[in-house]
Amino acid sequence: MANLTEEISKRRTFAIISHPDAGKTTLTEKLLLFGGAIHIAGAVKSNKIKKSATSDWMEIEKQRGISVATSVMGFNYGDYKINILDTPGHQDFAEDTYRTLTAVDSVIIVVDVAKGVEQQTRKLMEVCRMRNTPVIIFVNKLDREGRDPFEILDELESELKISVRPLSWPINIGAKFKGVYNIYEQSLDLFTPNKQRVSERVEIEDVNDRRIDENIGEKDAAKLREDLELIEGVYPEFSVEEYLKGQVAPVFFGSALNTFGVKELLDCFVKIAPAPRPIVAEEREIKPDEDNFSGFVFKIHANMDPNHRSCIAFVKVCSGKFERNANYKHIRTGKMMKFAAPTAFMAQKKNIVDEAFPGDIVGIPDTGNFKIGDTLTSGEQIHFKGLPSFSPEMFKYIENTDPMKSKQLEKGIQQLMDEGVAQLFVNQFNGRKIIGTVGQLQFEVIQYRLLNEYGAQCRWEPISLYKACWIESDDAEALAAFKKRKHQFMAVDRDGRDVFMADSNYVLQMAQSDFPKIRFHFTSEF
Ligand code: G4P
């Protein structure tokens, strides 16, 4: 299957992650410009607004000026086929981002040079670390006043808990910013503030080349040489192997808004970032170049039209070739399925495709068959490892306010949970349903969608909880004793697993010390 191997080696599937406002949208847009996928700056943002206007539910996000939707943008760059998986900018939808990270082969992290590492970046990095996802860091907004680059590097290491290695180096910052020295390619890129133009490159032999002095002045050239010497002394040589293992993150500096340093980032990215790699399923390791198709659902896009209960399931192709109208097995239900209108996402357009390869994302129109994490195969019984659920941060009881519509409410809750909008726990003591989210906005979205798509009305009741902990023990008696003692706080998740709903950190710590035989987990994958 030479064709398959070749297609796989071309694929680069990744996500850009950042704290809101660091420049993720701007960088995405500039990458699309280089790929010829869009022709004017501003297209990504304006497209977001247009999309949200198509559905009432999306009004919520429009009003708040945020993007709830996660989409895929594919484009060709040289010989490469690049798929960028967009992640929601708003932190209330962090759960969506966690899940998207399970479908990428690497990530680019954007950090604001003035703000350094912010909270959401730290959290997302934890997910990358759990999965050893290779990470490249882009330090953005060098055209603005910011922090000392060495200080930023130290912070990246300590806050993101990963070794770093600068592959480019800035010459001054803010108003005095002159450009970057590209360590990876041994070249000098001069900065001209211009949103549409690519930077000017000065060809040089090495760091001692006089042309550096001629272009940036002797003083800055001397400082640059000093900095570079320090870098060589402090940071070990960059190793692609360590990067691929997720042990070291190469760092680039630039300004996304000025399209500066972006091409250099992209050129290095396509060379070093991994093509789709083998994935360990429950049964065995699945290699991308196997003949048989396999893939999993990592995202389900909400009903866009409340009159037709249809959504789009996003499937990441893991192995083999996906073909339109072929028969595939939906492992959870055992049903064989055929897809007549799968879509691919190229240049921001959705087109029906006949085939897709590992690393690609296909959108499958669905009417409620799929759940997040479902596996599709050519027939083999494979289960891709469950995508972890993290303990939610906010909890509320959900109550029915229209007794005539309790069936609709049940169904709505079930489908929204299948989509992964939030997590449902049922308290075993009083039978009440608890919805857990990572942010307040999700409660509003759920209430709105239940009403608009299912005709069901609900209200929220406060409940004071700190964390949901999945518990287990090798000692059945100890487990039973724990559940008895904490019976008021025991719940089950949607898969029927035991969850201890701790109402404070103190209670949790006491429980951990009083019951040493119980293991407490903060994610559902252990
Ligand atoms: P996000 O997706 O990570 O939330 O960030 P986004 O790209 O929307 O960028 C946030 C703000 O930072 C935007 O300004 C954007 O123009 C600006 N920005 C991005 N990269 C750079 C850069 O390299 N230098 C400077 N100086 N600014 C940058 P805004 O005023 O919020 O939006 P807009 O009205 O300019 O679009």
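Let's start with the shell around the ligand. By class, that shell has four nonpolar, seven polar and six charged residues. Keep in mind that this is a predicted model.

Who is in the shell? The ligand is surrounded by 17 residues. The closest are Asp21, Thr25, Thr26, Asp143 and Ser255. Which helix gives the most to the shell? That is helix α2, residues 24-34. Helix α2 supplies three residues.

Take Thr26. One of its polar side-chain atoms lies 2.5 Å from an oxygen atom of the ligand. Next, Asp21. Here the backbone does the reaching: a polar backbone atom of Asp21 is 2.7 Å from a ligand oxygen. Then Ala22. A backbone N or O atom of Ala22 sits 3.4 Å from an oxygen atom of the ligand. How much of the ligand does the protein cover? On its own, the ligand has 710 Å² of accessible area, and the protein covers 69% of that.

Second stop: Asn182. You'll find Asn182 in strand β8, residues 179-182. Is Asn182 buried or exposed? Asn182 counts as buried, because its relative accessibility is 1%, and the cut-off for buried is under 20%.

What does the side chain of Asn182 reach? It reaches the backbone nitrogen of Tyr184, at 3.1 Å. Now leave aside the neighbours within four places in sequence. Asn182 is then in contact with Leu167, Ser168, Ser187, Asp189, Arg201 and Glu264.

So much for the two stops. Thanks, everyone.

Methods. Residues numbered from 1 in each chain as written. Predicted model: local features only at pLDDT ≥ 70, side-chain atom pairs only at ≥ 80, totals over all residues. Heavy atoms only, no water. Near = heavy atom within 4 Å. Polar contact = N/O pair within 3.5 Å; in protein donor to acceptor, adjacent residues only side chain to side chain. Areas by Shrake-Rupley, 256 points an atom, 1.4 Å probe, with all protein chains shown as cover. Helix = DSSP H or I, 4+ residues; strand = E, 2+ residues; numbered from the N terminus. Nonpolar A, V, L, I, M, F, W, Y, C, P; charged D, E, K, R; others polar. Buried < 20%, exposed > 50% of the residue type's maximum accessible area, 1.4 Å probe, protein only. Contact = heavy atoms within 4.5 Å.
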